[in-house]
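I opened my notebook to go through one protein model, bit by bit. These entries keep track of what I looked up and what came back.

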Amino acid sequence: MADEGRRGEEEDRGPGAVHQVFVVMEGLLEKLKVLNYEEEILAKHNMKNLSRHYFVSSPYLAVNPGEQYFLFTVIAAWLINEAGRPFTAPQEHDEPNATVSNILSELRAFGVKVDFPPSKLKSGSGEFVCFVLDRLAEEALKRKGFSFRRPNYPTETTEEESVIEDDAELTLSRVEEEMIEEPDDEEENVMDLEALKLRTCHTDAEASSKPDEILEATVDAAEWSLEVERVLPQLKVTIRTDNKDWRIHVEQMHQHRDGIKSSLKEATSYLDRLQEDIGKTLEKVSSREKYINNQLEHLIQEYRSAQAKLSQAKERYQQASGGVTERTRVLAEISEELEKVKQEMEEKGSSMSDGAPVVKIKQSLTKLKQEIVQMDVRIGVVEHTLLQAKLKEKSNMTRDMHATNLPEPASGTFS
């Protein structure tokens, strides 16, 4: 359900929102490199370099959520310290909710609006993790006075295209330059046109002066063929076509226009035919639809009446089911009370039919009688002891009385 809700939000935001987190992560990695996170974070914790999409939550990336969360908290704490606010680096035994809440509190202190719950950061990856790290990196770069600027591209200078010329092919301009600039001593490579012209004029004059003689060539045919083969490559003249010439563009435009016109004629005929076929098909479909509707009109009426009856039956069923539910609840309460009464009756019956209390009472009475006999014996012993003590005390008293009365007559006789 959470994945479907996330997809719905991404679709509402636009088709490029899914890939926006990849762009943010790439920018974040560049900012971390500027802040020298390799030595400050990775070297201290013995970690490998982060990939371009490390904190992006994607099913196509094999990641470790625990490692992601640890790196997220460590980098966030380091960025907060770099931005000028003291923040204690989190430990492994710290509560994740408290750590994430502290990071968001520091982010709000920088003036960043946070409209998502802290639970979005506990996974260690995703859009919100990249957002938090990116804003903290921006604050750290601001404190260091670093800012990204747009690149200044140099103005392009239009240079003429360099054309690699073959030795066997010369442009017209090069031929003219060579004819003007080359010295007269290089007659082997380039033919002297003026000398050739004078020679032809001289031969014409000789021929006009001697019209009766037969003209015969004095040059060997094999040597002439070799000379022609040697000079022929140098006599080829190639005119370079300039792609920037407007005439070429106009000619190309005319060619494309003619091609479009010819293709349009063919496509128009095909489209007209297709339109006719579609129109005929739509007419057939509409006529068949009307025929089917006319044939099935009574069935549709029956279906509608059946639907009405079904809705009525459903209403009655709901009402009946509501009454049954209420009665079921009352029955459950009555059954519960009945069970309680049965349990009480069983307890009272078991207590009435059980003879164990009577046996216990008899045993207690027997024990009391024995204790009473013992007490009577003890009371008798005590009474006998008291009687002896009283008698002994009485005899002692009488003896003392006699002892005090005997000396009186003796004193009288002595007197």
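Below are my entries, going from the whole chain down to single residues.

**Ground rules**

I am working with a predicted model, so I noted its limits: local features need pLDDT of at least 70, side-chain atom pairs count only at pLDDT 80 or more, and totals for chains, interfaces and linings use all residues. Residues are numbered from 1 along each chain as its sequence is written, and side-chain values use heavy atoms, with hydrogens and water left out.

**The whole chain**

I looked up the secondary structure and got 13 helices and two strands. Both are DSSP runs numbered from the N terminus: helices are H or I with at least four residues, strands are E with at least two.

Next I asked how much is buried. The answer is 15% of the 415 residues. Buried means under 20% relative accessible area, exposed means over 50%, and partly exposed is in between, with a 1.4 Å probe and protein chains only.

The accessible surface comes to about 34700 Å², using the Shrake-Rupley method with a 1.4 Å probe; for residues, only the protein chains shown count as cover. Carbon and sulfur atoms own 55% of that surface.

I also checked contacts, meaning heavy atoms within 4.5 Å. Of those between residues at least 6 apart in sequence, 65% join residues at least 24 apart.

**Helix α5**

Then I listed the buried residues of α5: T99, V100, I103, L104, E106 and L107. They sit on the same side of α5, because they cover an arc of only 160° around the axis. That arc is taken from the directions from the helix axis to the C-beta atoms.

What covers this side includes α4 (65-82) and α6 (127-144). I looked at T73 as an example from α4. T73 is buried at 3% relative accessible area. Leaving out residues up to four places away in sequence, T73 touches P90, T99 and I103.

**The nonpolar core**

A nonpolar core is a set of buried Ala, Val, Leu, Ile, Met, Phe, Trp, Tyr and Cys residues joined through side-chain atoms within 4.5 Å. The largest one has 42 residues, and F55, I75, L79, V132 and L133 have the most contacts inside it. At least two core residues each come from α2 (17-34), α3 (37-45), α4, α5 and α6. The largest share, 10 residues, is from α4.

I clicked on F55 to see what it touches. Leaving out residues up to four places away in sequence, its partners include M25, L71, F72, I75, V129 and L133.

**Salt bridges**

How many salt bridges does a search of the whole structure find? It finds nine. The rule is a side-chain nitrogen of Lys or Arg within 4 Å of a carboxyl oxygen of Asp or Glu.

I looked at K142 and E139, whose closest N and O atoms are 4.0 Å apart. They are three residues apart in helix α6, so about one helical turn separates them. K142 is exposed at 58% relative accessible area, whereas E139 is buried at 13%.

My next pair was E227 and R230, at 2.6 Å. These two are also three residues apart, in helix α9 (residues 221-231). E227 is partly exposed at 37%, and R230 is partly exposed at 40%.

Then came E326 and R329, at 2.3 Å. Both lie in helix α11 (residues 297-353), three residues apart. E326 is partly exposed at 39%, and R329 is partly exposed at 41%.

A reminder to myself: an α-helix has 3.6 residues a turn, so residues three or four places apart point the same way.

I also found a network of salt bridges that links K31, D134, R135 and E138.

Most residues other than glycine have a negative phi. N36 has a positive one, near 65°, and is not a glycine. I found N36 in the loop between α2 and α3. N36 is partly exposed, at 29% relative accessible area.
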